[in-house]
Every structure is written in structure tokens, then in C-alpha cells.
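Colleague: I would like to learn how to read a model of this kind feature by feature, with the general idea before each case. Could we go through it together?

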Amino acid sequence: MYYIIKDLFFPPVSETDEEGILAIGGDLDPERLKLAYKSGIFPWFNEGDPIIWWSPDPRMVLFLDELIVSKSMRNILNRNQFKVTFNQNFRDVISNCKNITRDGQNGTWISNEMVDAYCKLNEQGIAKSIEVWQDEVLVGGLYGINLGHVFCGESMFSKVSNASKVAFIALVNHLKKENYKLLDCQVYNPHLESLGCREIDREEFMSILKNNSNERNL
């Protein structure tokens, strides 16, 4: 286990433990966060605990052509009951992700410190949000880190049925249009699997991550 103090450094992801934990400590400085994501690493920890840096193996991802949109979801999209915007209300999106109540989850891993850190990355053009509106009210969305060829999804929220799915589908369609290679979803959950995400070996993920010859700006 590596302990990070002040040095802007991460060990190789091959040094993770069986759970996918690579290191503990450090800070959420924008430069450290940018280095982390470019290295296949992300922070995930409970408020009040030391920062824990992860690089799980396997890695949950979506190859963009494998997106699954159900017939019922297509019908919802065709009704145009939602409006989607890109990167217009980042702080509101991450704040909703922080505060939304989730089934089977007590509390949130998105601390005030993380909100401030990712808002700084948004100001630098690195963190991006997708917003879903209904009757001019923000009802869903997601945010993540844009690496130019891979988008690293962090969290999403929904205040009405299917709003987060609308955000997810809109993001994937946009990434496909801009020739992105992958949507990183970090760790497995059945909801993501239902949308077409699957686990791949970390080695394959890292190979895609390091091949950044076709960078785009979301």
C-alpha cells in the first residue's frame, strides 16, 4: 500500500491490491486529479476518511457502439419531453449527485471537498456535465472527466424516471459523433450493464487510455 503525502506521483496501477486500491492520502489538487485520471486512477472515499485512490481490475466500460437503448426508452426519447444541455450547470449537477437519495445507500461519497475540487476542474475545461431539463427544471444529469478520447463518468442523478438514462444516452451519442473511443464507468453495477457496459481487463483499458492520438474537446 502506497501512502501519498505531497509529491505529485502515483505508483504503477499494477501495484493495486485485490480490491483495486492503489494508494491512500494526498489531496484533491487539480494537477493531482488530472494526473490520476490520465493514469487510470480515480479517488473514491467516504467523507472524513483519507483519500483512497483506485484502479480496479477488471474495469467497467462502455464501447460506444454497444450502447443498449430499450424500445420503451426510445419511445421516451421520441416524445421530446426532456431537454438536454452540455456543461451549462456543472455545480448544480454535482451537487444533485451529492445530495440525491439512492436506494440501498446510506450517505454519499461526494464530499464538499470533492465538489469544490471538481468545480475547479470544470473551470479548467477538464470536468464536464450533461444536464437534463423538464419544464425548465433540472431533473437529471451526470458529470465526469474529459480526457479528449476517453470520458470518465463519475456520477449521475435522476429526480424523475429515466432522466439519468437520457443524460447517459445523450452523452454516448455525442461521444460517438466526436469519435471518442470509450466511456469509462469504473466499477460494475447492474444498471450500467443494462445499458451495454461491460468489464474488461485493466491492461486493455490502460492501452486504450494511453492511445490518445484522436483527442477531442467535449
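This is a predicted model: local features need pLDDT of at least 70, side-chain atom pairs count only at pLDDT 80 or more; totals for chains, interfaces and linings use all residues.

Colleague: How are helix 1 and helix 4 oriented to each other, and at what angle do they pack?

Modeller: Helices are DSSP runs (H or I, at least four residues) and strands likewise (E, at least two), numbered from the N terminus. Axes are lines fitted to C-alpha atoms, for helices over the stretch in contact, and angles run from 0 to 180 degrees between N-to-C directions. Here helix 1 (residues 30-38) packs against helix 4 (residues 112-123) at an angle of about 80 degrees, and their axes are 10 Å apart. Angles under 35 degrees count as roughly parallel, over 145 as roughly antiparallel, 65 to 115 as roughly perpendicular and the rest as oblique, and helix 1 and helix 4 are therefore roughly perpendicular.

Colleague: Which residues of helix 1 and helix 4 meet?

Modeller: With contact taken as heavy atoms within 4.5 Å, Pro30, Leu33, Lys34 and Tyr37 of helix 1 meet Ala117, Tyr118, Lys120 and Leu121 of helix 4. The residues of this contact divide into 6 nonpolar, no polar and 2 charged, where Ala, Val, Leu, Ile, Met, Phe, Trp, Tyr, Cys and Pro count as nonpolar, Asp, Glu, Lys and Arg as charged, and the others, Gly among them, as polar.

Colleague: Which residues of helix 1 are buried?

Modeller: Buried means under 20% relative accessible area, exposed over 50%, and partly exposed in between (1.4 Å probe, protein chains only). In helix 1 the buried residues are Pro30, Arg32, Leu33, Lys34, Ala36 and Tyr37. Arginine 32 counts as buried because its relative accessibility is 2%. Its side chain makes a polar contact with the side chain of aspartate 27 at 2.9 Å; such a contact is a pair of N or O atoms within 3.5 Å, where within protein one must be able to donate a hydrogen and the other to accept it, and residues adjacent in sequence count only if both atoms are side-chain atoms. Leaving aside neighbours within four places in sequence, arginine 32 is in contact with residues including Ile5, Phe9, Asp27 and Trp53.

Colleague: What is found at the start of helix 1, and what follows helix 1?

Modeller: At the start of helix 1, a side-chain oxygen of aspartate 29 reaches to within 2.9 Å of the backbone nitrogen of glutamate 31, while helix 1 is followed by glycine 40, whose phi is positive, near 80 degrees.

Colleague: How many residues does the largest nonpolar core have?

Modeller: A nonpolar core is a set of buried Ala, Val, Leu, Ile, Met, Phe, Trp, Tyr and Cys residues joined through side-chain atoms within 4.5 Å. The largest has 46 residues, and those with the most contacts inside it are Trp53, Tyr118, Tyr143 and Ile145. Helix 4 gives the most to this core, with 6 residues. Apart from it lies another core of 28 residues, among them Leu64, Leu67, Leu171 and Tyr180.

Colleague: Is phenylalanine 168 buried or exposed?

Modeller: Phenylalanine 168, found in helix 5 (residues 163-177), counts as buried at 3% relative accessibility. Leaving aside neighbours within four places in sequence, its contacts include Leu67, Leu142, Met156 and Leu195.

Note on methods. Residues are numbered from 1 along each chain as its sequence is written. Side-chain values use heavy atoms; hydrogens and water are left out.
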